[in-house]
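Please look through the sequence and the 3D structure below before reading on, and keep both in view while you work through this briefing.

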Amino acid sequence: MFIDRIALILVIIGALNWGSVGLFSFDLVAWLCGGQAAVFSRIIYTAVALAGVWCISLLFRPREIEAHD
């Protein structure tokens, strides 16, 4: 599903950002967007949070078996 891939990409971006905050005290999103309080930063943080919530559903979905030719 396309939305699953988008959500996963956003979650990975969030994880990398949190990793940089934890390891280097450097918030890449805030740096790129003009600070944590900037509107664009808040949009990105919100999108990452919503993607994380969406990815919770991945844990409870049955796995699809792919047919290989």
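Leaving aside its neighbours within four places in sequence, which residues is Ser41 in contact with? In this predicted model, once those near neighbours in sequence are set aside, Ser41 is in contact with Val29, Ala30, Cys33, Gly35 and Gln36.

**Ser41 and Gln36**

- Ser41 lies in helix α3, and because its relative accessibility is 0%, where anything under 20% counts as buried, Ser41 is classed as buried.
- Gln36, one of the residues that Ser41 contacts, has its place in the loop between α2, which covers residues 28-33, and α3, which covers residues 39-60.
- Gln36 counts as exposed because its relative accessibility of 54% is over the 50% that the term requires.
- Apart from its neighbours within four places in sequence, Gln36 is in contact with Asp27, Ala30, Ser41, Arg42 and Tyr45.
- With Asp27 there is also a polar contact, in which the side chains of Gln36 and Asp27 are joined at 3.1 Å.

**The cysteines**

- Cys33, another residue in the list of contacts of Ser41, has a relative accessibility of 18% and therefore counts as buried.
- Cys55 is likewise given as buried, so its relative accessible area of 15% falls under the 20% limit.

**Residues of helix α1**

- Ala7 lies in helix α1 and, at 5% relative accessibility, counts as buried.
- When neighbours within four places in sequence are left aside, the contacts of Ala7 are with Ala51, Trp54 and Cys55.
- The C-alpha atoms of Ala7 and Val21 are separated by 21 Å, and these two residues are 14 residues apart along the chain.
- Leu16 is also found in helix α1, but it counts as exposed, because its relative accessibility is 61% and the term applies over 50%.
- Between Leu16 and Asp27, which are eleven residues apart in sequence, the distance in space is 9.8 Å from C-alpha to C-alpha.
- Trp18 is found in helix α1 and is counted as exposed at 65% relative accessibility.
- Trp18 and Ile44 are 26 residues apart along the chain, and their C-alpha atoms are separated by 13 Å.

- The side chain of Ser20 reaches the backbone oxygen of Asn17 at a distance of 2.7 Å.
- Beyond its neighbours within four places in sequence, Ser20 is in contact with Ser25, Phe26 and Leu28.
- Ser25 is found in the loop between α1 and α2, and with a relative accessible area of 68% Ser25 is exposed.
- The phi angle of Ser25 is near 55°, which is a positive value in a residue other than glycine.
- For comparison, most residues other than glycine have a negative phi.

**The largest pocket**

- About 530 Å³ of space lies in the largest pocket.
- Ten residues line the largest pocket, and among them Met1, Asp4, Leu58, Arg61 and Glu64 lie nearest its centre.
- Which helix gives the most to the lining of the largest pocket? Helix α1, made up of residues 2-24, gives the most, with three residues.
- Sorted by class, the lining of the largest pocket has six charged residues and four nonpolar residues, and no polar ones.

Terms used: Residues numbered from 1 in each chain as written. Predicted model: local features only at pLDDT ≥ 70, side-chain atom pairs only at ≥ 80, totals over all residues. Heavy atoms only, no water. Buried < 20%, exposed > 50% of the residue type's maximum accessible area, 1.4 Å probe, protein only. 1 Å grid on protein atoms, 1.4 Å probe; cavity = no way out; pocket = protein on both sides within 12 Å on 5 of 7 lines; lining within 4 Å. Points joined across faces, edges and corners; volume = space filled by probe spheres on them. Helix = DSSP H or I, 4+ residues; strand = E, 2+ residues; numbered from the N terminus. Nonpolar A, V, L, I, M, F, W, Y, C, P; charged D, E, K, R; others polar. Contact = heavy atoms within 4.5 Å. Polar contact = N/O pair within 3.5 Å; in protein donor to acceptor, adjacent residues only side chain to side chain.
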